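This report examines selected helical residues and a surface patch. Please consult the sequence and the three-dimensional view below before reading on.

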Amino acid sequence: MALSGGRVTGSLYILKTTGAEYLVGVFMALFSIIPVLTSLSIGRWVDRVGAARVMRLGVALIVLGAWLPVAYLTLPTLLMAAVTIGCGFNILSVAAQHTVGHLVATASPSERLANFGWFALGHSASSTIGPFIAGLLIDALSFRAAFAALALFACIAAWLVLTKARNLPRAYADPEAEVAINEENATREVQQKPHVLDLLSTPEMRRIYWVNMIMSSSWDLFIVMLPVLGTRLGYSASVIGTVFSLFALGTFAARAAMPWLSRRANEWQILRVSMCVVVLVFCLLPWASVAPILMALGLLFGCSVGMSQPNMLSLLHAASPPGRGGEAVGLRSVLSNSCSVVVPLAFGAAVVPFGISALLVSGGLVFASGIPPAHQGAVARAGAPARC
């Protein structure tokens with residue numbers, strides 16, 4: 001709630017008080033600037049100490065950042081809040097994703113995918129409710145009231161982590177696996193330490209990370225584009241918040257259907273369809289000149305990208321080397337957050353000279369590069385040879 005609602009509220013506040021569209025890109029990028037530098041270390045930390053301690057630090061940072069604009073609403077505190085909330089949310093997410101991957105030691109691929117689908121519903125629910133509440137409160141009361149409501153939800157999250165997130169499962173909960181990991185750690189003193197680039201040594205891992213970057217970039221471009229496009233078209237904060245909520249509702253619907261989909265198609269088959277829909281939506285967005293069309297495309301886009309996170313995490317946990325699951329999740333977070341820094345900054349710099357329509361169509365063409373590796377993954381899963 002603090003992240004999804006805060007992005008919308010902060011973007012609209014910047015546009016109203018300064019009118020500088022490039023600052024929206026800077027604001028969005030600040031949510032991901034620290035995670036780019038720290039995600040790998042966080043993943044390795046989770047591998048060493050487990051998720052509970054890491055999650056407590058993450059939620060504490062989110063609460064701190066959420067209350068900053070409530071206490072003193074200025075552009076500098078808003079930018080500081082973006083850094084703090086983004087850092088805390090990334091810490092919390094890496095720990096939680098690693099935990100969900102190991103909830104059941106004997107889980108089949110479809111069961112693991114279903115678990116990630118249920119987990120992702122939490123993100124979808126907050127992304128649906130947060131922008132909608134923020135838009136209503138901005139129009140009815142004030143920006144500060146919207147930030148205060150989001151900060152209260154952050155406090156609920158902190159209470160849940162402190163009281164419920166205890167004795168979380170680890171990557172190696174059985175005694176034999178623990179012994180194997182201890183022996184491996186003991187021999188590392190005389191062996192070369194594994195390098196993060198080793199995670200990219202197989203075609204499967206390279207496909208996973210590339211498609212993940214494409215999906216993250218499309219998500220980020222849609223999020224940073226929407227407040228600017230809505231403001232240019234003269235929509236109110238409530239309408240813009242509703243489009244955000246419909247987008248998130250699409251992700252919720254897709255993730256709610258994941259247990260059903262996981263029994264009928266594998267991860268790569270689902271991602272192949274999702275990539276095609278993403279490209280189609282960005283090619284159609286320049287013609288979304290009225291609110292109903294924009295809302296429909298937002299809902300469709302939400303359905304397509306909503307499928308991505310559970311499937312990517314399921315593939316990642318199945319393909320990552322033993323004992324390095326947290327590190328693999330951390331590298332995924334580094335790449336995703338790098339996109340979340342580059343895409344908003346590039347959009348903010350290019351939207352004025354090139355126009356928003358050209359950027360959307362160009363984005364769609366770039367995102368089409370994710371279709372071939374998704375198809376190769378589906379072919380490889382089916383047992384046929386795939387070209388690398």
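## Burial and contacts in selected helices

Asparagine 212 counts as buried at 3% relative accessibility, where buried means under 20% relative accessible area, exposed over 50%, and partly exposed in between (1.4 Å probe, protein chains only). The model is predicted: local features need pLDDT of at least 70, side-chain atom pairs count only at pLDDT 80 or more, and totals for chains, interfaces and linings use all residues. Residues are numbered from 1 along each chain as its sequence is written, and side-chain values use heavy atoms, with hydrogens and water left out.

Asparagine 212 lies in helix α9 (residues 203-232); helices are DSSP runs (H or I, at least four residues) numbered from the N terminus. Residues up to four places away in sequence not being counted, asparagine 212 touches Met312, Arg332 and Ser336, contact meaning heavy atoms within 4.5 Å. Serine 216 is also placed in helix α9. With the same exclusion of residues up to four places away, serine 216 touches Ser336 and Cys339.

Glycine 306 belongs to helix α13 (residues 291-306). Its contacts, leaving aside neighbours within four places in sequence, are Thr251, Ala254 and Arg255. The C-alpha atoms of glycine 306 and alanine 254 are separated by 5.6 Å, although the two residues are 52 residues apart along the chain.

The table lists relative accessible areas.

| Residue | Relative accessible area | Class |
|---|---|---|
| Serine 216 | 14% | buried |
| Glycine 306 | 0% | buried |
| Phenylalanine 153 | 33% | partly exposed |

Phenylalanine 153 is located in helix α7 (residues 143-164). Together with Ile156, Trp159 and Leu160, Phe153 makes a nonpolar surface patch of about 390 Å². Patches are made of residues with over 30% relative accessible area and no salt bridge, like charges being joined within 9 Å and nonpolar side chains (Val, Leu, Ile, Met, Phe, Trp, Tyr) within 5 Å. A salt bridge is a side-chain nitrogen of Lys or Arg within 4 Å of a carboxyl oxygen of Asp or Glu. Accessible areas come from the Shrake-Rupley method with a 1.4 Å probe, and for residues only the protein chains shown count as cover.

In helix α16, the buried residues are Ile356, Leu359, Leu360, Gly363, Gly364 and Phe367. These residues cover an arc of only 135 degrees around the axis, which puts them on the same side of α16; the arc is that of the directions from the helix axis to the C-beta atoms. Leu365 and Val366 are exposed on the other side of α16.

Methods:
Helix = DSSP H or I, 4+ residues; strand = E, 2+ residues; numbered from the N terminus.
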